[in-house]
Amino acid sequence: MNDTLIVYYSLFGNTKNLALEIAKQTGGTIRELVPDKKYSFDYNTAAKEVRNEISRGFCPKLIRGNESIDGYQTIFIGTPNWFKTVAPPVLSFLKQFDFTGKTVIPFCTHGGGGFCQIEDDIAKECPKATILPGIATNGSVDSEDITRWLETVSSN
């Protein structure tokens, strides 16, 4: 059994594309996080919804993607950069499980903001996990960049 899991949330498809590339290169199992209430596909409306949820520390109920992580040792966790932190569905996932003894590797997509607090916020929710250096991409996915990053991560 492959013990690598790639978990992600994606609203507009950028984080999904990055997750798919990581899965392709690692052979890991891919899992999309699906909240019970979808966000608006209108950017401005979604931004208002998300800003409100983040400010309240809201964790939406997940209707898919929250299956057990027991069979996995390495877990890649992907999110868009939403107001300098993880998307609320990713926070729901992080709060649901105990990552003790697991290796967690963050990844994110952004519109110019990079990781901001994302790596720190994931590490805070996974205090007994080994956190390896993540990757932040600005929109598009370059498979060679992913290959180089994965080689660096695997040497840790």
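Buried here means under 20% relative accessible area, a cut-off that is applied throughout these legends to a predicted model.

**View 1. Strand 1 within its surroundings.** Strand 1, which covers residues 4-8, is mostly covered, with 5 of its 5 residues buried.

**View 2. The pairing of strand 1 with strands 5 and 2.** Strand 1 runs parallel to strand 5 (residues 74-80), to which it is joined by 5 bridges, and in this pairing Ile-6 stands opposite Phe-76. Strand 1 also runs parallel to strand 2 (residues 29-32), with 4 bridges joining the two; here the bridge partner of Ile-6 is Ile-30.

**View 3. The β-α-β unit that begins with strand 1.** Strand 1 is followed through helix 1 (residues 14-26) to strand 2, and these three elements make a right-handed β-α-β unit.

**View 4. The chain as a whole.** The secondary structure comprises 5 helices and 8 strands, arranged along the sequence in the pattern β-α-β-β-α-β-β-α-β-α-β-β-α. The chain is as compact as a globular protein of its length, because its radius of gyration of 14 Å is close to the 15 Å that the globule rule gives for 156 residues. Along its principal axes the C-alpha trace spans about 40 × 30 × 25 Å, and buried residues account for 49% of the 156 residues. Of the contacts between residues at least 6 apart in sequence, 79% join residues at least 24 apart.

How values were computed
Residues are numbered from 1 along each chain as its sequence is written. This is a predicted model: local features need pLDDT of at least 70, side-chain atom pairs count only at pLDDT 80 or more; totals for chains, interfaces and linings use all residues. Side-chain values use heavy atoms; hydrogens and water are left out. Buried means under 20% relative accessible area, exposed over 50%, partly exposed in between (1.4 Å probe, protein chains only). Two strands pair if DSSP finds at least two bridges between them. A crossover is right-handed if, with the strands pointing away from the viewer, the path from the first strand over the helix to the second runs clockwise. The radius of gyration is taken over C-alpha atoms; the globule rule is 2.2 Å times the number of residues to the power 0.38. Contact means heavy atoms within 4.5 Å.
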